[in-house]
Every structure is written in C-alpha cells, then in structure tokens.
Amino acid sequence: MARDGPHRPHRGTGARVTPDSRSTFDSQLAFARRMDRADGLAHYRKRFVGAETDLVYFDGNSLGRPPVSAVERVERFLREDWGGRLIRGWDEAWLQLPTEIGDRIGRAVIEATAGQTIIGDSTTVLLYKLARAAVDAQLARDPARREIVIDTDNFPTDRYVLDGIARETGCRLRWIDVDTSSGVTPEQLAEAVGPETALVVVSHVAYRSAYLADAPELTRIAHDAGALILWDLCHSAGSVPVKADLWGFDLAVGCTYKYLNGGPGSPAFAYVRDDLQAVLAQPIQGWWGTTDMFAMGPEYRPVPNIRRFLSGTAPVVGMLAMEETLAMIEEAGMPALRAKSIALTEFAITLADEWLAPLGVTLASPADPEERGGHVTLHHDAMREVTARLWQRDVIPDYRDPGGLRVGLSPLSTSFEEVHRGLGLTRDVLREVLAERAGLG
Ligand SMILES: *Cc1c(COP(=O)(O)O)cnc(C)c1O
C-alpha cells in the first residue's frame with residue numbers, strides 16, 4: 001500500500017501466503033480469533049446493544065453503540081426519577097449532574113482534576129462559548145492580538161464557528177494548510193503563530209485522517225507565542241489518552257456520542273483550566289451560570305467557577321447513557337483502550353495491505369500508530385459507491401471526500417473478527433464495482 005514511512009512487516013500468522021488467495025482469508029480469520037481470545041477487553045462487547053448480530057459497525061467514531069445498561073438506566077430514570085421525583089429531582093440530584101459527570105470525564109478520560117470539566121451544550125455551542133471568551137480576553141489584554149489560527153481541514157463546525165467569531169470581533173483567521181491524510185504539525189504551528197495570535201484551535205485527532213496531533217508540543221508552541229489554545233477532543237475522548245492538566249491545556253471541548261456512547265445529540269463536555277475560569281466571560285450569559293440562580297436576581301453575576309460556562313437548563317436525559325461507558329472506561333483504563341485501539345487499527349491496515357492495496361486502495365491515515373487515533377481512512381475513487389453497497393450488506397463504515405472510506409474502531413465494542421469480516425466484504429464489494437466499471441469501459 002502506498003504510504004510514507006517504513007515498510008510494514010507482515011502481521012498475519014507468519015505463513016507466507018499468496019495475496020488475495022483463500023488461504024490469507026482463512027489464516028487472517030484464525031489470527032483475528034486468536035486476538036479476540038487474548039483480548040482483555042473482549043468481554044465489553046457483549047455489553048453493547050446489537051453486538052450479537054453479524055452487522056459490522058465501523059462507525060463508532062461517529063455514533064457509538066448504546067450500552068445495554070444505558071437502556072435500563074434511561075428507562076428507570078424516566079419512571080422513577082422523572083416520574084417519581086418530578087420537580088424535586090432538580091434539587092436532589094439533577095442540578096449537580098453537569099459538574100458530576102464532567103468531573104468523571106475529567107478523571108477517567110482526559111486526566112483533569114475536579115472542577116475544570118463540565119457537561120454543557122453541543123460541541124458546536126461550547127466551541128463558540130469558549131473560543132469567544134478566549135478571544136475577548138485576549139483582545140482586552142492586548143488589542144494587537146487579532147488573529148485566530150486554525151487549519152483548513154479542521155472539522156467544518158470548528159471552521160464555521162471561528163469564522164463567525166472572527167467576523168463578530170474584528171479578528172482575522174490565519175489558516176494552516178494541511179494535507180487531508182495528515183494534520184497540524186509543530187513546524188506548521190510554529191510558523192503560524194506570533195505576537196498577533198489570540199487563539200489557536202486544533203483537533204487532537206483529525207476527523208478525516210485520524211492524524212494524532214502532538215498535543216503537549218502544540219500547546220507549548222501556542223503558549224510561547226502568548227496565545228491561548230482550544231483543543232477539540234471529539235475524536236480522541238474515549239480512544240486516545242489525553243492529559244489535559246499535564247499538557248497544560250487552556251481550553252478543550254469534546255463529543256460524548258462518539259467513543260463515549262452517549263447517544264445521538266448527547267451534550268458535549270468542556271474543559272477550562274481552573275486559573276482561567278474567573279478571567280473568561282462566556283457570551284451566552286444565562287441563569288445557570290449566575291451566582292445563586294434561584295434568587296432570580298436583577299442581573300447576571302457569573303459564578304467564579306466552571307459552572308459559569310453553563311447557560312440554560314441542563315439536558316439531563318441526554319447525559320445518562322454516557323455514564324455507562326464512563327464506568328467501563330474507569331474499570332478498564334484509557335491505556336488498555338488505547339492499546340486495543342492500536343491493535344485494531346494495525347489489523348485493519350494489515351488486511352487493507354493484503355486485500356485492498358492490490359485493487360488500488362491507499363492509506364489516507366498515518367502509517368505510524370503513534371501518529372494515529374482510533375480510525376483508519378482508506379482511499380480509492382470508488383469508495384463512495386463501495387460505502388453505499390456495504391451499508392446494504394450490513395457493513396457500516398462512512399464515507400468522507402475525497403474518496404475516503406472511514407473505518408472507525410471503537411475499542412470497547414469492536415472485535416477483531418468484526419474487522420476481518422468487514423474488510424473481507426469491502427474487498428468483495430470493491431471487486432464488484434471495479435468489474436462493473438471494466439465492463440462498462
Ligand atoms: C463530531 C465533531 C463535532 C460535532 O459537533 P456537534 O456540535 O456535536 O455537531 C465537532 N468537532 C469535531 C472535530 C467532530 O469530530
């Protein structure tokens with residue numbers, strides 16, 4: 001498979017097999033089953049709805065599967081908590097959920113000490129609130145800091161939100177042009193920042209390529225230039241270890257419906273380093289962020305802690321399912337999840353090397369697992385068609401331009417045999433599409 005870096009050693013059974021023969025299929029299947037038997041996290045798969053079926057799910061990086069216990073939890077909540085406690089539930093427990101679950105994400109997922117992480121609105125809205133607060137604070141300190149640095153391949157919502165903030169505040173966007181199969185490097189960031197930089201916004205794991213940014217180094221570069229940095233952790237939370245405190249993060253946001261299995265539209269989390277909390281004024285000043293909210297006072301007086309980043313009533317039902325995944329992560333630990341995630345992506349790349357590269361597929365993700373998050377993007381100009389046909393056969397990857405089939409591998413719910421089955425069917429479907437094209441030619 002065409003890629004940068006050293007030649008990948010054969011990771012199958014060790015037997016030399018003819019590429020594309022029946023025997024590579026069988027020997028790789030035996031390998032996948034051995035990996036599943038040896039996998040210390042394999043038992044978690046049974047805890048997800050639908051994992052017992054033959055469906056291959058390669059999209060846990062976009063919408064994770066529901067934990068079985070979340071179904072019970074939400075039902076119990078509706079009957080007993082909502083139905084039984086009614087309005088009394090707010091005082092008894094629900095008011096504290098944004099900080100309670102936020103702290104749990106801090107502990108289990110991003111290594112942030114308590115009081116710095118909160119469950120709020122969608123990722124998009126939290127990005128807006130944090131970025132706007134950061135830009136306003138920088139402009140107040142130094143009116144010459146009018147630049148926001150972001151890369152051309154950051155997730156659309158990140159680019160759109162920052163574009164809007166630049167317009168509102170009279171700032172400029174400074175774009176880092178990145179390769180779509182890679183991401184922002186320290187050299188590129190060092191070149192982009194300077195005395196005019198207010199804020200840098202980077203995704204820890206690039207949504208398209210899975211490029212894993214060097215977060216401690218990029219944070220240091222931003223700080224050396226006097227800038228603040230906002231990390232988007234959507235594709236790393238729950239798949240790649242994050243050390244928010246140790247790496248000196250200022251601000252971060254992350255999705256909870258991807259690797260944290262919170263369900264469609266579950267609210268996102270935000271991290272604000274404790275010494276910044278009293279300095280930053282967020283733009284959507286609502287009653288949930290004010291001191292003594294039930295005093296219903298005449299004016300907004302933001303609380304001097306993480307709760308000031310809340311605006312309105314917390315989306316309680318949407319916060320429940322993610323707690324079931326957080327419990328599994330607390331039990332297993334992020335290092336074990338990361339180790340399995342690497343083994344899964346390595347196996348997917350090995351199979352793609354053997355089965356898909358001969359059909360013209362190339363890797364659009366970093367080859368080095370140290371530079372790669374939890375998914376693998378495989379490129380071929382037929383992938384849009386291949387993805388549509390795979391969905392009809394109950395293999396669910398997703399498609400991202402240009403020509404990228406994204407294979408998302410959620411470490412708690414994906415098995416090695418599932419990867420084998422999914423890439424085997426990808427080969428069959430790609431062959432079919434190519435044969436039809438040849439027939440048409
Ligand atoms: C998924 C994702 C989002 C999604 O934002 P929403 O507000 O939940 O729609 C934002 N940023 C990145 C990098 C993502 O991967």
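Leaving aside its neighbours within four places in sequence, with which residues is W175 in contact? W175 is in contact with I150, D151, T152 and R159, where contact means heavy atoms within 4.5 Å. The views below belong to a predicted model, in which local features need pLDDT of at least 70, side-chain atom pairs count only at pLDDT 80 or more, and totals for chains, interfaces and linings use all residues. Residues are numbered from 1 along each chain as its sequence is written, and side-chain values use heavy atoms, with hydrogens and water left out.

View A. Strand β4 spans residues 172-176 and holds W175; helices (H or I, at least four residues) and strands (E, at least two) are DSSP runs, numbered from the N terminus. W175 counts as partly exposed because its relative accessibility is 42%; buried means under 20% relative accessible area, exposed over 50%, and partly exposed in between (1.4 Å probe, protein chains only). Between the C-alpha atoms of W175 and V279, which are 104 residues apart along the chain, the separation is 27 Å.

View B. Eleven aromatic pairs occur in the structure; rings of Phe, Tyr and Trp (its six-membered ring) pair if their centres lie within 6.5 Å, and planes under 30 degrees apart count as stacked, over 60 as edge-to-face and the rest as tilted. One of them is the tilted pair of F77 and W94, at 5.5 Å centre to centre and 50 degrees between the planes. This pair joins distant parts of the chain, 17 residues apart: F77 belongs to helix α2 (residues 68-85), and W94 to the loop between α3 (88-92) and α4 (97-108). F77 and W94 are both buried. W90 and W288 form an edge-to-face pair, with 5.5 Å centre to centre and 75 degrees between the planes. Here W90 lies in helix α3 and W288 in the loop between α9 (274-277) and α10 (320-332), 198 residues apart. W288 counts as buried because its relative accessibility is 3%. Ring pairs link F77, W90, W94, W287, W288 and F294 into a cluster.

**View C. Helix α10 and its packing against α4.** The buried residues of α10 include L320, M322, L326 and I329. Among the elements that cover the buried residues of α10 are α2, α4, β2 (117-119) and α11 (334-356). The axes of α4 and α10 are 10 Å apart, at an angle of about 30 degrees; axes are lines fitted to C-alpha atoms, for helices over the stretch in contact, and angles run from 0 to 180 degrees between N-to-C directions. The two helices α4 and α10 are therefore roughly parallel to each other; angles under 35 degrees count as roughly parallel, over 145 as roughly antiparallel, 65 to 115 as roughly perpendicular and the rest as oblique. α4 and α10 make a left-handed crossing; a crossing is left-handed if the near helix is turned anticlockwise from the far one by less than a right angle, and right-handed if clockwise. From α4, I101, R104, I105, R107 and A108 meet M322, E323, L326, A327, I329 and E330 of α10. Just after α10, G333 has a positive phi of about 85 degrees.

**View D. The crossing of α12 and α13.** Helices α12 (residues 383-392) and α13 (residues 416-440) pack at about 125 degrees, with axes 9 Å apart. α12 and α13 are therefore oblique to each other, and their crossing is right-handed. The contact includes V386 and L390 of α12 and L425, V429 and V433 of α13.
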